[in-house]
Every structure is written in C-alpha cells, then in structure tokens.
Amino acid sequence: MLGSRAAGFARGLQAVALAWLPGWRGRSFALARAAGAPHSGDLQPPACPEPRGRQLSLSAAAVVDSAPRPLQPYLRLMRLDKPIGTWLLYLPCTWSIGLAAEPGCFPDWYMLSLFGTGAILMRGAGCTINDMWDQDYDKKVTRTANRPIAAGDISTFRSFVFLGGQLTLALGVLLCLNYYSIALGAGSLLLVITYPLMKRITYWPQLALGLTFNWGALLGWSAIKGSCDPSVCLPLYFSGVMWTLIYDTIYAHQDKRDDVLIGLKSTALRFGENTKPWLSGFSVAMLGALSLVGVNSGQTAPYYAALGAVGAHLTHQKWGLEILPRLVS
C-alpha cells in the first residue's frame, strides 16, 4: 500500500518537473496521465498570463528597435544595430593610446572616451557614404536590400543632410585634439569618402578599407604625444591594415556570388581557393609589425605574451575557415 502510494507520488513529482520544461504545453495531458490523474474532459492546461511588455535587452539591435520609429532608419543607416564595425574602427585607436601612455600608467580615459565617440560618428558617416554610393547595388543583394536608403526608408537628400550632421559632430570631437592631430584627422576624410568606390575598380577594396579603418593607430598616438613617432606608429598602422585584410577577406567570402553577378570585386574573389595562404602571409606580417612596435616602444613580457595569444587565435581562425568554391564564373 505504502509502496504504491510512494510510486504514485514519485510519478507526480516527475510530471510536475517535466511540466516546467520548455515546450510543456503540448504534453500536459500526457503528463497528467503519467502522474495517474484522471483524463476527463475538464482537465485543462493552466492559462498563460499575457506578457506585460517587451523583454528588457541591452543588445544594440534591441536598443535601436526600442527607439522612436522615425529615428530607427537613421540609426540603422549608422549601423548602430551592428556595432562590430565601430569596434573595428575604435580598437586601433585604443592600441595607439595605450602604447602612448607613460610606463606603469593607465591609458588616458578622456582620450579613450573621445575616440570612442568619434568612432561611432565616423563609422556612421562611412556607412552613410557607402550606402549612398551603393544604393543601386544594395537593391540587388539579399543581405543589403533592407538597408534604409536601398529600401526607400530614407531619401538620398535626407541621407546627405544626415551625413552633414554626423561629420559636423565628428569635427567637434576632432577639434578637442591638438593642432597636429586635427590636421592628421582631416587627412583621413578623402579615404572615408573614396573607399566605398574601390570595390568597383580593384580586387583590393579590403586594402582601402584597412588604410581607412586603422587611421586611429596614427591619430591616437599624436593625440597623446603631440606628434607621431614613425618607428612606432607606422608599423602599428601597417599591422592594423594587415588585420583588416584578414577579417574583411573572410567576411567578403559570403558575398562572392552576388559580387560576381553585379560586377563588384574583392580580395575573396582575387584569392579564391588560395585564401588561406594569403591569410597566413597577412598574419605573419601583422605579428612581425606588432613585434617591431613592441621593440621600438620598449614593451615587456606581458606584451609579447599577448602577441602570442593573438597569433594562436589567428591560426585557429584560419584553420577553422571553410572556403566554399565560387558558384558563378
């Protein structure tokens, strides 16, 4: 008697536990039967309360989605919902600012925040320029057809006005720096405007992107020191360009089919199935340049340990990469 009650009680506990697992709704009657409950018609699953509102999320995409609807196309035009590009623009700045810090001191937090703001604005401006140039191409590619200008959410005129606003704010950030850095920063504007065009005329648009995205490796040092030290800044800039060639070549492989169809070029198309040897060469060049930076700036063991970790990561990333054949000739 006690044994049968214990067994029934155990089955009941098991049913209750299973009922709390995801997807329990469709199994509620079966679970009730497994627990020994009568399967009469009046057995119903408990009503689920209505959701009280949108779940709180701090992801960039959720923040953009929660913004006022009229602002959302402009935030997406800046790619605020996809912040990885902002990080790729910002990180070379942090390398340079960190290397320029006095030995034993933290990097200048004011400069880090200033350059972070500038990275958001200039990445947004670069994306706006890119989408203005590429709106006809973007309409033909599934991945980019929903971009605000290509989708018709923002007119070309409004995007031009928005670009002017972003560049004005970015100029305000630049004017917070010393005169040398102001001139150096202004020198990058030609690259920002022209790099989106490179995919039309050369198989090396990733090189143009690298020259643009890593300008902060020069600017960060000069903002702290007052001018660039070529023995440190030039190999740091070069290493950043090599890094961009690595990650953006990998990224470009996803667009190979569309690029061939609409007549655009990339290093992914240039390298094809030989991509991995090229990536290996870029990785060696990047690590060699960063080693030279360490020697010329008097770095110690932790720097080279971090450099070894970077090399290991690049190796893992390269060998885990699957290069699919080009489907369209």
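This is a predicted model: local features need pLDDT of at least 70, side-chain atom pairs count only at pLDDT 80 or more; totals for chains, interfaces and linings use all residues.
What volume does the largest cavity have? About 40 Å³.

Residues are numbered from 1 along each chain as its sequence is written, and side-chain values use heavy atoms, with hydrogens and water left out.

Now, empty space. Rolling a probe the size of a water molecule over the atoms shows where empty space is left. We work on a 1 Å grid over the protein atoms alone. A cavity is a set of points where a 1.4 Å probe fits but cannot get out. A pocket is an open set with protein on both sides within 12 Å along at least five of seven lines. Lining residues have an atom within 4 Å of a point. Grid points are joined across faces, edges and corners, and the volume is the space filled by probe spheres set on the points.

Back to the cavity. The count is one cavity of 30 Å³ or more. Its lining is I246, I250, L279, S283, L314, Q317 and K318. Helices α13, α16 and α17 each give two or more residues to that lining. The most, three residues, come from α17. A word on names: helices (H or I, at least four residues) and strands (E, at least two) are DSSP runs, numbered from the N terminus. By type, the cavity lining has four nonpolar residues, two polar and one charged. Here Ala, Val, Leu, Ile, Met, Phe, Trp, Tyr, Cys and Pro count as nonpolar; Asp, Glu, Lys and Arg as charged; the others, Gly among them, as polar.

Next, the second largest pocket. Its volume is about 430 Å³. It has 17 lining residues, and the closest to its centre are W95, L290, Y303, A306 and V310. Which elements give two or more residues to this lining? They are α5 (84-100), α13 (230-252), α16 (275-296) and α17 (301-319). Again α17 stands out: it supplies the largest share of the pocket lining, seven residues. Of the pocket lining, 13 residues are nonpolar, four are polar and none is charged. Two domains contribute: domain 1 (60-176) and domain 2 (185-322) each give at least three residues to the lining. Those bounds come from an automatic or database domain assignment.

On to the rings. Rings of Phe, Tyr and Trp (its six-membered ring) pair if their centres lie within 6.5 Å; planes under 30 degrees apart count as stacked, over 60 as edge-to-face and the rest as tilted. That rule gives twelve aromatic pairs. Take W215 and Y237. Their ring centres are 5.9 Å apart and their planes stand at 90°, so this pair is edge-to-face. The two are 22 residues apart: W215 sits in the loop between α11 (205-213) and α12 (216-225), and Y237 in helix α13. Buried or exposed? W215 is buried, at 18% relative accessible area, and Y237 is buried too, at 12%. The scale: buried is under 20% relative accessible area, exposed over 50%, partly exposed in between (1.4 Å probe, protein chains only).

Another pair is F271 with F282. This one is tilted, with 6.0 Å centre to centre and 50° between the planes. F271 belongs to helix α15 (residues 267-271) and F282 to helix α16, eleven residues apart. F271 is buried at 3%; F282 is buried at 7%. Ring pairs also link W204, F271, W278 and F282 into a cluster.

Some rings have a charge over them. The test: NZ of Lys or CZ of Arg is within 6 Å of the ring centre and within 35 degrees of the ring normal. K225 lies over the face of W221, 5.8 Å from the ring centre. K265 lies over the face of Y203, at 5.7 Å.

Last, two loop residues. R79 is in the loop between α4 (72-77) and α5. R79 is not a glycine, yet its phi is positive, about 65°. R79 is buried, at 8% relative accessibility. R79 and V64 are 15 residues apart in sequence and 9.5 Å apart in space, C-alpha to C-alpha.

Then Y195, in the loop between α9 (189-194) and α10 (198-201). Y195 is buried at 14%. How far apart in space are Y195 and G126, C-alpha to C-alpha? The answer is 9.0 Å, with 69 residues apart in sequence.
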